Amino acid sequence: ALCAVSGAAFLYHDYCIIGAGPSGLQAAYFLQRAGRDYVVFERSHAPGSFFALYPRHRKLISINKRYTGKSNAEFNLRHDWNSLLSHDRRLLFRRYSRDFFPDADAMVRYLEDFASLLKLQVQYNTAIVHVTLERDEQAWNGHYFLLTDQDRQNYKCSSLLVATGTWVPNVVNFPGSEYVEGYETVSINPEDFAGQTVLILGRGNSAFETAENILGVTNFIHMVSRSRVRLSWATHYVGDLRAINNGLLDTYQLKSLDGLLEGNLEDLAIIKDKKGKLHITLRFYLENRNISAGIESITLPQDELDNFATRAPYDRVIRCLGWKFDFSIYNRSLRVMPGKGNKKKYPQIKPSYESRGTRGLFVLGTASHSVDFRKSAGGFIHGFRYTTRAVHRLLENRHHGVPWPSTVYPITQLTNSIIKRVNEASGLYQMFSVLADIILLRENSTAFEYLEEYPVGVLAELEMQTGRKAPSGLFVIIMEYGRNFSGADKDVFYYNRAVGEAQHAWQSNFLHPVIYYYKRLPTEREMRLRPPDWPLPRPDAIHHIVEDFLTDWTAPNAHILPLRRFLENCLGTDLRNFFAESCFLFAFTRQKLPPFCQQGYVRMQGLVGSEGLRRHAVEAGLLEDYTLTDFSGDRPPDSHEGSQDQLLSDHAIPVRPLQHLVNAKDE
């Protein structure tokens with residue numbers, strides 16, 4: 001659409017997405033499926049341009065597990081960290097690479113195919129250089145977003161989705177920092193480092209990846225950063241140092257000359273001597289000296305402390321300090337502000353992924369990681385493919401009146417539907433503690449409505465955000481690690497780390513499902529005042545399903561039975577499954593039938609029994625065995641007992657299927 005505003009021509013779209021990386025393409029896919037008017041702006045000539053350069057040594061650290069022993073596509077996504085969500089089976093990453101840690105070129109190829117096969121509306125070679133607002137009462141959010149590209153072409157949008165990632169390198173300025181090489185330009189040929197002594201600034205995956213590449217050819221490598229190394233197996237955060245990159249930890253701890261140091265990088269200074277060697281000193285030594293004096297007169301730390309750790313001169317210093325969000329293109333009226341503390345590399349957003357400063361501006365992908373930084377997977381493809389879908393569902397409800405997708409089931413299916421989701425859902429599994437399944441109870445607990453993967457941080461706004469009502473209580477299903485199990489200084493391999501008994505499930509350490517029960521929706525205030533490290537406020541009741549070594553929560557006694565008892569206690573009802581015979585008996589002997597009989601047997605629903613099923617039920621102790629009754633006695637064949645027996649062994653009476661035996665037996 002073209003519209004002229006004050007002389008300048010604007011190209012109009014309802015939705016504008018900046019960036020055709022993984023999250024931009026994922027958002028485009030959902031908008032396209034919903035038939036919305038959208039466009040994606042990409043400054044490069046192809047999608048996923050970040051992956052054309054990074055990681056510099058080309059090995060991704062996102063796993064590509066091609067075999068899981070299961071054919072369930074949803075379950076398999078739990079162990080496929082590269083695929084985007086789509087209906088097209090050709091667009092699974094395992095068709096693009098056989099490697100467990102794939103090559104970054106495979107990701108570039110994959111994203112190109114994703115954009116072209118799905119015919120996504122991407123406008124390449126378009127760099128958005130300025131974004132501002134135009135107030136308008138008629139607009140969706142009370143304003144339009146005005147975008148300008150490098151050729152001064154203007155665009156106007158009702159909703160802006162920012163998917164630019166974090167791509168501006170973090171640079172530390174200190175005296176001598178001009179001698180530092182950046183990760184983005186450093187040589188990746190190990191031969192260039194032969195016989196050299198190297199200092200690396202940084203302590204993340206890019207720093208260790210760089211070190212790993214030159215480990216075998218250097219004299220020694222030292223690494224300096226402000227914080228201690230964090231190992232992902234201890235923190236359970238995939239952005240921390242991964243085992244694939246940590247060879248230098250071995251050579252440090254086994255005293256093979258390489259080493260790690262902690263210190264504030266801003267306090268450093270680097271001096272180049274006449275031979276071109278780089279000496280590390282401290283900033284305050286430089287500030288206290290005579291300006292006119294030559295380089296030889298500079299105090300080095302080893303002049304005062306002769307065992308100073310970094311006293312040996314270095315041939316090269318390499319900076320590997322990660323990246324930050326590009327704030328420069330946003331006009332001040334948008335109030336796109338950096339986060340606080342260690343989140344300052346990300347823009348401030350709400351748990352709904354909407355900017356804190358501007359309504360209608362949503363941040364997707366890596367740049368949205370402030371919601372779950374150092375906790376969950378929201379900064380990585382296998383996390384943000386789900387949060388992007390959640391944002392799309394919020395937008396569909398807000399602007400198009402399409403409520404959050406949901407399914408209504410009779411209450412008898414409650415245990416089944418929870419067990420099914422915790423065993424296969426990948427969004428709950430990857431975005432643990434962030435996305436949750438919500439069960440809304442209906443009609444005095446005879447039915448329930450199931451909503452999948454809702455952002456738990458906006459639980460208080462559920463009715464407004466989803467267009468669904470929660471009048472009579474709700475369950476929230478979420479995955480969590482144990483409270484004190486994760487941390488850089490934790491030993492995660494200690495004896496007795498795993499919990500096996502269902503009664504100790506609340507002490508489970510590894511990722512496991514937790515069910516929260518609320519009699520009413522928590523309020524904004526309760527969400528704000530929730531205990532630290534809790535994803536949700538204090539519930540009316542809570543249930544942990546005990547952790548499982550195989551992440552397979554289907555054990556009848558350890559997993560299903562305690563869950564069903566918990567649900568029954570919350571609802572004050574009986575969720576067991578019964579044979580028709582038992583329902584028949586209850587109908588005559590009880591005032592109130594269990595829901596299973598009420599919704600099944602009484603409505604003439606059920607399976608016709610067979611001799612084999614009856615025999616199995618008798619052996620399992622679930623039914624009386626009437627076949628042993630002796631008819632040859634002197635009782636008349638048409639007596640009362642005989643006719644009752646005839647009735648109960650009549651094959652026309654519906655008998656429930658076999659899989660319900662377990663549930664009926666346990667009381």
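Q: Is C570 buried or exposed, and what is its relative accessible area?
A: Buried means under 20% relative accessible area, exposed means over 50%, and partly exposed lies in between, with a 1.4 Å probe and protein chains only. C570 has a relative accessible area of 17%, so C570 is buried. C320 is also buried, with a relative accessible area of 4%.

Q: What should I know about the model before we continue?
A: This is a predicted model, in which local features need pLDDT of at least 70, side-chain atom pairs count only at pLDDT 80 or more, and totals for chains, interfaces and linings use all residues. Residues are numbered from 1 along each chain as its sequence is written, and side-chain values use heavy atoms, with hydrogens and water left out.

Q: How many residues does helix 15 have, and what span does helix 15 reach?
A: Helices (H or I, at least four residues) and strands (E, at least two) are DSSP runs, numbered from the N terminus. The expected span of a helix is 1.5 Å times one less than its number of residues. Helix 15 covers residues 556–571, which makes 16 residues. From its first C-alpha to its last it reaches 21 Å, close to the expected 22 Å. After helix 15 comes G572, with a positive phi near 60 degrees.

Q: Which residues of helix 15 are buried?
A: They are H559, L561, L563, R564, F566, L567, E568, C570 and L571.

Q: How do helix 11 and helix 15 cross?
A: Two packed helices are described by the angle between their axes and the distance between the axes. Axes are lines fitted to C-alpha atoms, for helices over the stretch in contact, and angles run from 0 to 180 degrees between N-to-C directions. The axes of helix 11 (residues 414–424) and helix 15 come within 10 Å and cross at roughly 130 degrees. Helix 11 is therefore oblique to helix 15; angles under 35 degrees count as roughly parallel, over 145 as roughly antiparallel, 65 to 115 as roughly perpendicular, and the rest as oblique.

Q: How many disulfides are there?
A: A disulfide is a covalent bond between the sulfur atoms of two cysteines. The rule applied here is a pair of cysteine sulfur atoms within 2.5 Å, and the count comes to two disulfides. One joins C16 to C157, with an S to S distance of 1.9 Å. C16 lies in strand 2 (residues 8–18) and C157 in strand 7 (residues 154–162), so this pair ties together parts that are 141 residues apart in sequence. The torsion about the S-S bond of C16 and C157 is about -80 degrees, so the disulfide is left-handed. C16 is buried at 0% relative accessible area, and C157 is buried at 0% as well.

Q: Which cysteines form the other disulfide?
A: C583 is joined to C597, with S to S 2.0 Å. C583 belongs to helix 16 (residues 580–589) and C597 to helix 17 (residues 595–599), 14 residues apart. Both C583 and C597 are buried.

Q: What is the strand order of the open sheet of five strands?
A: Two strands pair if DSSP finds at least two bridges between them. The order is 9-15-10-11-12, with parallel pairing. Strand 9 (180–182) and strand 12 (259–262) each have a single partner strand, so one side of each is left without a neighbour in the sheet. Within the sheet, four bridges join strand 10 (residues 197–201) to strand 15 (residues 316–319), and I200 stands opposite I318 in strand 15.
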